[in-house]
Amino acid sequence: MPPPAAGVTPTVPALVQILSTSAGPRLTRAFADAGLDNLRPGQALALTALVGGPVHASDIAGRLGISRQAVAQAVAALDRHGYLTRSTDPGDARAKLVTLTDRGWAALRVMRSSALALEQQWRSLLGDERLADFADTLTTLISHSGRSGSDGSGSDGSEIQDQ
């Protein structure tokens, strides 16, 4: 989404969208610097749904609030580039479980590190109190949107550091 046009006051949802998409180029650079090629931020979001362990692709779609078709495309690309694997579900031979690989865990660590660095920049700009208020506001809005978190798990991502 491009920045707002001069003289036009963007809506708050538009501002949130602009802020959200502004992190993409930074994350793309962080992936490249870490040697994690062929990974786009939009695809990488699917990795966050796997932090708790193997899941079905349909569960990823539900956790992220996106279509099964979008998940199928992301999973195929992530599998092709070694960020996850698909294996037959031992409880249902017709179903596939999606699991993070070491490369997938590395991507998640890069994502978290990039997010923490950006948060620190915001803290320097806004100060602790305003950043905490901003986080509280976003949490309130998310809780009323029908979603529990960016990956639907309610996780703060701290378990990524342990992998």
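**A quick briefing**

Let's start in a loop: Asn38 sits between helix H1 (12–33) and helix H2 (41–48). Bear in mind that this is a predicted model. Overall, the chain has six helices and three strands, and along the sequence they run in the pattern α-α-β-α-α-β-β-α-α.

**The chain as a whole**

- Of the 163 residues in the chain, 28% are buried.
- Take the contacts between residues at least 6 apart in sequence: 55% of them join residues at least 24 apart.

- Asn38 isn't a glycine, yet its phi is positive, at about 60°.
- As a rule, most residues other than glycine have a negative phi.
- Is Asn38 buried, exposed or partly exposed? Its relative accessibility is 44%, so Asn38 counts as partly exposed, given that this class lies between 20% and 50%.

**Helix H3 and its buried side**

- H3 covers residues 57–64, and its buried residues are Ile60, Ala61 and Leu64.
- What do they pack against? The buried residues of H3 meet H2, strand S1 (55–56), helix H4 (68–80) and strand S3 (92–100).
- After H3 comes Gly65, which has a positive phi near 70°.

**Where H2 meets H5**

- A handy way to describe two packed helices is by the angle between their axes and the distance between the axes.
- For H2 and H5, the angle is about 110° and the axes are 10 Å apart.
- That angle makes H2 roughly perpendicular to H5, because the range for that label is 65 to 115 degrees.
- On the H2 side, the contact is made by Ala44, Leu45, Leu47 and Thr48, while H5 brings in Gly104, Ala107, Leu108 and Met111.
- Sorted by class, the residues where H2 touches H5 are six nonpolar, two polar and no charged.

**Where H5 meets H6**

- Helix H5 (residues 102–126) and helix H6 (residues 128–143) have axes that come within 7 Å and cross at roughly 120°.
- H5 and H6 therefore count as oblique to each other.
- Their crossing is right-handed.
- Which residues meet here? From H5 there are Glu119, Trp122, Arg123 and Leu126, and from H6 there are Asp128, Arg130, Leu131 and Phe134.
- This contact of H5 with H6 has four nonpolar, no polar and four charged residues.

- Thr101 is in the loop between S3 and H5.
- Buried or exposed? With a relative accessibility of 16%, Thr101 counts as buried, because the cut-off is under 20%.
- Setting aside residues up to four places away in sequence, Thr101 touches Gly82, Tyr83, Leu84 and Thr85.
- Ala30 belongs to helix H1.
- Follow the sequence from Ala30 to Ser113 and you'll cover 83 residues, yet in space the two are 9.0 Å apart, C-alpha to C-alpha.
- Leaving out neighbours within four places in sequence, Ala30 is in contact with Val110 and Ser114.

Key: Residues are numbered from 1 along each chain as its sequence is written. This is a predicted model: local features need pLDDT of at least 70, side-chain atom pairs count only at pLDDT 80 or more; totals for chains, interfaces and linings use all residues. Side-chain values use heavy atoms; hydrogens and water are left out. Helices (H or I, at least four residues) and strands (E, at least two) are DSSP runs, numbered from the N terminus. Buried means under 20% relative accessible area, exposed over 50%, partly exposed in between (1.4 Å probe, protein chains only). Contact means heavy atoms within 4.5 Å. Axes are lines fitted to C-alpha atoms, for helices over the stretch in contact, and angles run from 0 to 180 degrees between N-to-C directions. Angles under 35 degrees count as roughly parallel, over 145 as roughly antiparallel, 65 to 115 as roughly perpendicular and the rest as oblique. A crossing is left-handed if the near helix is turned anticlockwise from the far one by less than a right angle, and right-handed if clockwise. Ala, Val, Leu, Ile, Met, Phe, Trp, Tyr, Cys and Pro count as nonpolar, Asp, Glu, Lys and Arg as charged, and the others, Gly among them, as polar.
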